[in-house]
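Keep the structure open beside the text.

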Amino acid sequence: MAPCDADVAVIGAGPAGAAVALLLARAGHRVLLAERDTGPRLAVGESVGPGIRVALERLGVFDAFLADGHLESLGNMSAWGTPEAAGRDFLFSPYGNGWHLERGRFDATLRRQAQLCGAMLHGATRLEQLARAAGGWRLRLAGPDGPLDWHTRFVVDATGRRATVARRCGSARRPLDHLVGVVTYHGAGNKVQCRTLIEAERDGWWYSAPLPEARLVLAYMTDAGRHTRRALAGPPRPDSAPLTHARLVQHGGQAEAAAAIVPAYSACLAQAAGAGWLAVGDAAASVDPLSSQGIVSALEQGLAAAGALAAALGGDASAMPAYADRISSMYADYLVQRAHYYRREQRWPDSDFWRQRWVNA
Ligand SMILES: Cc1cc2nc3c(=O)[nH]c(=O)nc-3n(C[C@H](O)[C@H](O)[C@H](O)COP(=O)(O)OP(=O)(O)OC[C@H]3O[C@@H](n4cnc5c(N)ncnc54)[C@H](O)[C@@H]3O)c2cc1C
């Protein structure tokens, strides 16, 4: 069977991939959007600051986002450097409040909006083969009805931390640390403050946030290895984090499933773009959840990537290298901020977790 044609194939339909597909399709390009997952997935990451409004408005999806009924967030509290929590209110933000997302709904809405703009979404479909062909790429996808062959001019890697396409194109990821999140979701319970709470302890730090439908997400962030094994001995318990412990008791909801361990290290590709391809979102550069910037950054990179691809499709040879430079300099700025924040916690000078972050910083 002759392969189908598209200008751009976007592999992965998380926030970054959906944003690129939406913008290119709206500009009149033929866009394939392939997503491996069949249904709702465990997509950790739910707290977003008020600034996300700018990206959602630029994508033209802010009204659809509001209709999804995410929980308004009033700000963040962090016990970091001291045992007492200090608050940062969104009260004075020019964009109003932030949100605690129902993440499955958020991702599904972005995908639907991309489809409404004309992107061809293939669910339960993953990339199997990728090879250079005349004028672009030949892709073999494995879908629910068998293999699908596509011929495209550009390929976008939006596969998240796997960076499947970039790695096949020879661009390596450079992890900075071994951070993992041990994550549990707690079912409907009592109301807790609509704020994200961050609390440092000897071997890592905790975050917790309320979610829509009175649920709560709790994550213990630590290094893979010794600490993860300890955490896996049973559900993670914030015994050394009194504010988090009190919040969990106050909420009182039951853990919905066993804890999941997810990678959360900072990493960046050596090159975020090359001949005929670019990477976007976590695939290009993944940041520490401490920053609460992953989703906004995925959308902002989606906007930048769509601009670069539209220019490249129009024959501008400088657009893709300029995009790669932009990702590198964004990651360099992030590293400065990360270093600044980790150095503010000095209470455990003999802890490997903190020492490694000060050295790396
Ligand atoms: C513990 C933890 C807590 C976090 N907390 C926050 C937070 O509070 N706020 C925040 O903003 N960010 C947070 N983040 C980060 C945030 O979740 C990510 O930055 C964001 O999801 C990145 O979006 P993305 O589209 O780049 O990648 P992803 O959301 O990972 O999407 C990638 C998509 O590609 C698909 N895919 C992968 N491989 C293939 C393939 N071969 N073929 C087809 N499809 C494929 C996947 O199924 C997935 O749907 C957190 C992350 C972690 C680990």
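Helix H1 has eleven of its twelve residues buried, so H1 is largely enclosed by the rest of the structure. Buried means that 20 or more other C-beta atoms lie within 10 Å of a residue's own; with 12 or fewer a residue is exposed, and in between it is partly exposed, with C-beta atoms placed from the backbone. Helices (H or I, at least four residues) and strands (E, at least two) are DSSP runs, numbered from the N terminus.

This is a predicted model: local features need pLDDT of at least 70, side-chain atom pairs count only at pLDDT 80 or more, and totals for chains, interfaces and linings use all residues. Residues are numbered from 1 along each chain as its sequence is written.

Back to H1. Its buried residues include Pro15, Gly17, Val20 and Leu24. They pack against strand E1 (4-11), strand E2 (31-34), helix H2 (52-59), helix H4 (103-116), strand E11 (146-157) and H8. Contact here requires C-beta atoms, placed from the backbone, within 7 Å. The end C-alpha atoms of H1 are 16 Å apart, which agrees with the 16 Å that its twelve residues should span at 1.5 Å a residue. The expected span is 1.5 Å times one less than the number of residues. Just after H1, Gly28 takes a positive phi of about 100°.

Now take H8. It has 20 residues, and 15 of them are buried. From first C-alpha to last, H8 reaches 28 Å, close to the 28 Å expected.

What sits inside? The largest nonpolar core holds 75 residues, of which Ala9, Val10, Val20, Ala21, Val156 and Leu278 touch the most other members. A nonpolar core is a set of buried Ala, Val, Leu, Ile, Met, Phe, Trp, Tyr and Cys residues joined through C-beta atoms within 7 Å. H8 gives the largest share of this core, ten residues. Leaving out residues up to four places away in sequence, Val10 touches Gly17, Val20, Ala21, Val31, Leu32, Leu33, Val156 and Ala158. A second, separate core has 22 residues, including Met77, Val183, Ala200 and Ala209.

Next, the ligand. Its shell has 39 residues, and Gly14, Gly45, Gly160, Gly281 and Gly294 come nearest. Among the elements that give two or more residues to the shell are H1 (15-26), strand E9 (126-133) and H8 (294-313). H8 supplies the largest share, four residues.

The domains come next. The assignment, automatic or from a database, gives domain 1 (4-46 + 101-175 + 267-341) and domain 2 (179-263). Their centres, over C-alpha atoms, are 30 Å apart. Eight residues of domain 1 and 13 residues of domain 2 form the contact. The ligand shell draws at least three residues from each domain.

Two backbone details remain. Most residues other than glycine have a negative phi. Ala124 has a positive phi of about 50°. Ala124 is in the loop between strand E8 (120-122) and E9, and counts as partly exposed with 14 C-beta neighbours inside 10 Å. Ser292 also has a positive phi, near 50°. Ser292 is in the loop between strand E21 (285-286) and H8, and counts as buried with 21 C-beta neighbours inside 10 Å.

Notes: A residue is near a molecule or strand if its C-beta atom, placed from the backbone, lies within 6 Å of it. Two residues are in contact if their C-beta atoms, placed from the backbone, lie within 7 Å.
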